Amino acid sequence: MKGVLSYLKPYRKYMIFAWVLMLMELAVDLLHPLFMVKIIDEGIVKGDLSIVYRWGALMLLTSIIAFAAGITNSFAASHVGQNFGYDVRKALFKKIQTFSFADFNRFSSSTLITRLTNDVTQIQMTIFLFLRIALKAPLLVIFGTLMVFLINFRLALVLGVTIPLSIAFLVWMYKKSSHLFQIVQSKLDRVNGILSENLAGIRLIKAFLRSHFEGSRFKKASHALMKKTIEVSTIVELVSPILHFVMNSSILVILWFANKEILSNQAEIGEVVAIVNYAMRITMSLSMATFILMFVSRAHASTERIQDVLETSVQMEEDKEVAPFQIQDGHICFKNVSFRYPGDSVTVLDDLSFTVEPNETIAILGATGAGKSSLFQLIPRLYDVSEGAVHIDGIDVREMKQEHLRNQIGLVPQDALLFSGTIKENIQWGKEDATMDEIINAAKHAQIHETIMKFPHSYRTVIGQKGVNLSGGQKQRISLARAFIRQPKILLLDDSTSALDMKTEEKLLEGLRSYKGTKLLITQKISTALKADRIFILEDGKIVAMGTHGKLLRISDLYRKIVQSQNMRKGAFQYVKTSSANEN
Ligand SMILES: Nc1ncnc2c1ncn2[C@@H]1O[C@H](COP(=O)(O)OP(=O)(O)OP(=O)(O)O)[C@@H](O)[C@H]1O
């Protein structure tokens with residue numbers, strides 16, 4: 001078995017069991033018309049009631065057996081389907097965890113959610129159908145036709161023409177709908193994408209009064225999904241009535257010929273009843289096959305989509321044999337580093353070379369889009385450099401195990417993302433086995449302990465999804481505490497104090513000075529940068545100046561301009577404050 005279907009391997013025994021039960025049902029279906037021939041031709045026509053009772057009782061007994069086999073088959077099929085779905089979802093989730101940032105650029109979160117839920121369910125349902133009825137339908141068509149030929153070769157010729165015609169029609173439907181189902185699933189991705197964006201940004205949408213705009217975006221995507229679904233359903237739904245028409249017409253033709261054969265004593269009534277009965281069962285099976293093929297073609301599309309995720313070769317390979325690496329000093333060195341996002345031709349970082357000494361604090365200043373966050377992402381190797389190398393304690397980060405590297409770096413991203421759960425759990429997220437003392441200590445370093453203690457449930461306060469019930473500054477400080485709790489040798493703060501008031505920020509930065517580790521902080525504020533040992537100025541992906549505040553004032557026009565503009569703003573702010581105080 002290949003790809004996604006290999007996840008069925010552990011359930012082979014159950015599948016064989018289900019198929020055996022299904023074959024029992026099939027045998028009963030095929031035997032019943034023969035029993036009817038006996039009852040009619042040898043019992044009713046000849047007036048022998050004992051034959052009617054005997055074969056009638058056998059029919060009843062086999063029906064009970066088929067009923068029991070059907071129910072047991074359902075349980076087995078459901079067991080296989082559910083377990084298969086569970087295993088595939090687990091494998092998908094595990095695979096997604098290994099994705100690099102570049103892989104996430106390829107698959108949006110909405111498509112991953114659809115693949116993990118809807119696509120897996122499609123295959124799961126098809127597996128159930130396959131074990132329950134899918135094989136029974138074609139087998140009934142084949143063996144039913146064979147039986148008809150054995151009973152009366154001449155009458156069977158009619159079915160010999162119509163059945164291949166119907167099968168050809170089904171194959172056409174399968175080919176046509178298979179491609180359309182791929183499109184339907186991608187339209188579903190789009191609907192899910194808009195929906196998740198809307199749910200995540202509902203407050204912003206309301207604040208900007210964009211509900212109407214978002215509503216029409218959703219309506220458009222939903223409409224496209226409905227249109228494609230109707231298109232594919234039309235093809236599928238057309239098949240069943242056409243099949244019934246063809247097969248019922250062939251039954252009429254059989255009855256017309258049978259009438260002549262009975263009159264000329266070339267056929268018995270029971271034989272004709274049995275042939276009509278087989279023809280009806282074959283019609284039912286063909287129409288069931290339409291339904292099954294619809295599921296199969298949809299599952300085929302889903303299988304490809306899941307396979308796509310499972311077979312994604314993770315962009316960032318690492319040597320599995322690497323020995324554990326312990327950051328001793330926290331010395332960082334960028335050697336002629338250039339960086340482009342995977343699949344993008346724009347150079348975001350251009351030939352950067354610098355070193356950061358152990359325990360040093362570096363502030364990175366630069367306009368928006370200058371490449372500050374991109375620079376940060378290269379240190380814990382969230383992306384690989386395009387050229388050059390990043391070394392920590394003299395070792396290229398590409399030679400370290402990602403797990404070891406990332407475990408020892410505390411990255412506080414620009415967006416303070418929190419998870420639903422308590423404050424304690426959110427801080428502990430940085431270090432699973434952290435004690436309560438460690439949690440409190442980290443919160444104190446992040447200047448959030450006192451605020452937490454004012455909450456009615458202190459550390460047990462439940463945070464809503466993405467921290468909706470907290471202020472921006474509170475969220476930032478909890479996410480800082482989450483990084484501090486690891487006591488990392490390298491701390492990367494990406495504009496993580498922007499939402500704090502001056503006093504709290506000052507206290508936090510003061511606390512950072514005594515922190516044992518190398519600290520890099522991205523900031524837009526000179527007041528924050530002044531707390532660092534050195535300042536790097538990044539412009540269009542290049543470091544245009546670096547040094548202490550005093551040195552930069554001497555050598556960098558850009559730095560002087562930034563300082564001047566921020567002092568002017570401060571001056572204007574002070575003017576407003578003074579004048580309003582005077583007015584009072
Ligand atoms: N995932 C990505 N794929 C492609 N390009 C990206 C990606 N993330 C950022 N960029 C581009 O890289 C450049 C640098 O972005 P980066 O986020 O590093 O800037 P920044 O200096 O941190 O900006 P800001 O201060 O606004 O956060 C920008 O031109 C941006 O468009």
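Thirteen residues, written 13 in the count used here, surround the ligand, and the closest are Tyr341, Thr368, Lys372, Ser373 and Ser374; a residue is near a molecule if its C-beta atom, placed from the backbone, lies within 6 Å of it. This is a predicted model, in which local features need pLDDT of at least 70 and side-chain atom pairs count only at pLDDT 80 or more, while totals for chains, interfaces and linings use all residues. Residues are numbered from 1 along each chain as its sequence is written. The protein has 19 helices and 12 strands; helices (H or I, at least four residues) and strands (E, at least two) are DSSP runs, numbered from the N terminus.

**Ligand shell**
- Helix H10 (residues 372–378) gives three residues, the largest share of the shell.
- By class, the shell holds three nonpolar, eight polar and two charged residues. Ala, Val, Leu, Ile, Met, Phe, Trp, Tyr, Cys and Pro count as nonpolar, Asp, Glu, Lys and Arg as charged, and the others, Gly among them, as polar.

**Transmembrane annotation**
- An unreviewed UniProt entry places the feature "transmembrane region" at residues 16–35, 55–76, 129–149, 155–174, 235–258 and 278–296. Such positions are in the numbering used here, feature names are shortened, and annotations may be inferred rather than shown by experiment.
- Residues 16–35 are 100% helix and 0% strand, with end C-alpha atoms 28 Å apart.
- Residues 129–149 are 95% helix and 0% strand, and their end C-alpha atoms lie 29 Å apart.

**Burial and cores**
- Of the 584 residues of the protein, 36% count as buried. Buried means 20 or more other C-beta atoms within 10 Å of the residue's own, exposed means 12 or fewer, and partly exposed lies in between, with C-beta atoms placed from the backbone.
- The largest nonpolar core has 69 residues, and Val80, Leu131, Ile275, Ile282 and Ile292 have the most contacts inside it. Such a core is a set of buried Ala, Val, Leu, Ile, Met, Phe, Trp, Tyr and Cys residues joined through C-beta atoms within 7 Å.
- Elements giving two or more residues to this core include helix H1 (12–44), helix H2 (49–97) and helix H8 (211–263). Helix H9 gives the largest share, 16 residues.
- A second, separate core of 65 residues includes Ala370, Val397, Ile409 and Ile448.
- Beyond its neighbours within four places in sequence, isoleucine 282 is in contact with Leu140, Val141, Gly144, Thr145, Ile163 and Met247; contact means C-beta atoms, placed from the backbone, within 7 Å.
- Leucine 165 is in helix H6 (residues 153–200). Leucine 165 counts as partly exposed because it has 13 C-beta neighbours inside 10 Å.

**Strands**
- Four strands form an open sheet in the order E2-E1-E4-E5, with antiparallel pairing; two strands pair if DSSP finds at least two bridges between them.
- Strand E2 (349–356) and strand E5 (395–396) stand at the edges with a single partner strand each, so one side of each has no neighbour in the sheet.
- Strand E4 (residues 387–392) and E5 are antiparallel over two bridges, and histidine 391 stands opposite aspartate 396 in E5.
- In strand E3 (residues 361–366), six of six residues are buried.
- Strand E3 runs parallel to strand E10 (residues 518–522), joined by four bridges, with isoleucine 362 opposite leucine 520.
- Strand E3 also pairs in the parallel sense with strand E11 (residues 534–539) over five bridges, where isoleucine 364 stands opposite phenylalanine 536.

Notes. Two residues are in contact if their C-beta atoms, placed from the backbone, lie within 7 Å.
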